Amino acid sequence: MIENVLVRKNLSFKLKIAVKTIISAGIVVLAVILPQLVHLAYGQAGGVQWLPMYLPVLIGGCILGWKWGLGIGIASPIVSFLITFALGNPMPALARLPFMAAELAVFAAVSGSFAKKISVNGWMAFPAVLLAQVAGRSVFMLLAILFQAITPFTPAIIWAQIQTGLLAMVLQAVIVPFIVMDLKFILDKNANE
């Protein structure tokens with residue numbers, strides 16, 4: 001979606017990269033701050049219940065495409081871990097970090113694969129987000145199954161976490177597409193001026 005606007009503005013390659021980098025960095029920052037706010041408000045269990053890091057990652061995929069989205073999905077939990085580790089309370093926990101990075105990478109890559117369609121029809125953000133959520137959670141479950149012998153995660157634990165976060169997933173499946181459609185409207189309006 002962002003790519004279309006940058007092409008219409010006839011920006012140079014370097015400027016396009018700079019814009020996408022700034023937007024990506026902003027999304028990663030949001031993906032670090034939102035979980036901190038949720039944990040302050042709802043405690044440690046708030047992250048599993050409200051899935052605050054997922055929201056900016058899904059938005060990032062939808063607006064920046066799968067390549068940049070993939071980077072956002074991988075970077076968000078790693079940056080969050082590094083910052084919070086330095087502060088003495090790592091989030092996500094080290095054992096969960098690779099699982100979360102893989103899950104969010106899938107979220108962003110799948111939602112990002114719809115970016116061109118979203119730029120044409122904003123309503124495509126709905127299937128983009130739904131498919132990303134199903135694919136990401138499925139990858140998390142698959143990884144738990146494959147690595148349960150060497151990690152603290154079992155399929156039963158992951159299934160319980162999926163059930164705990166179901167309300168957040170439903171809310172994000174509605175909220176994210178509307179945010180993306182609003183951004184599309186604003187970007188289209190500014191691109192045509």
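**Close-up views of a predicted model**

**View 1. Gln161 is found in helix H9, which covers residues 155-164.** The model shown here and in the other views is predicted. Gln161 has a relative accessible area of 14%. Gln161 is therefore buried, as that value is under the 20% cut-off. The Gln161 side chain makes a polar contact with the side chain of Arg96, at 2.7 Å. Arg96 is also among the residues in contact with Gln161 once neighbours within four places in sequence are left aside.

**View 2. Helix H4 packs with helix H6.** H4 spans residues 54-64, and H6 spans residues 97-112. The angle between them is about 35 degrees. Their axes lie 7 Å apart. The crossing of H4 with H6 is right-handed.

**View 3. Residues of H4 meet residues of H6.** From H4 come Tyr54, Val57, Leu58, Gly61 and Cys62. From H6 come Met100, Glu103, Leu104, Phe107, Ala108, Ser111 and Gly112. By type, the residues of this contact divide into 8 nonpolar, 3 polar and 1 charged.

**View 4. Pro127 sits in helix H8, residues 125-147.** The relative accessibility of Pro127 is 28%. Pro127 therefore counts as partly exposed, because this value falls between the 20% and 50% cut-offs. Asn89 provides a reference point for Pro127. In sequence, Pro127 and Asn89 are 38 residues apart. In space, Pro127 and Asn89 are 36 Å apart, C-alpha to C-alpha.

Conventions:
Residues numbered from 1 in each chain as written. Predicted model: local features only at pLDDT ≥ 70, side-chain atom pairs only at ≥ 80, totals over all residues. Heavy atoms only, no water. Axes fitted to C-alpha atoms, helices over the stretch in contact; angles between N-to-C directions. Helix = DSSP H or I, 4+ residues; strand = E, 2+ residues; numbered from the N terminus. Left-handed = near helix turned anticlockwise from the far one by under 90°. Contact = heavy atoms within 4.5 Å. Nonpolar A, V, L, I, M, F, W, Y, C, P; charged D, E, K, R; others polar. Buried < 20%, exposed > 50% of the residue type's maximum accessible area, 1.4 Å probe, protein only. Polar contact = N/O pair within 3.5 Å; in protein donor to acceptor, adjacent residues only side chain to side chain.
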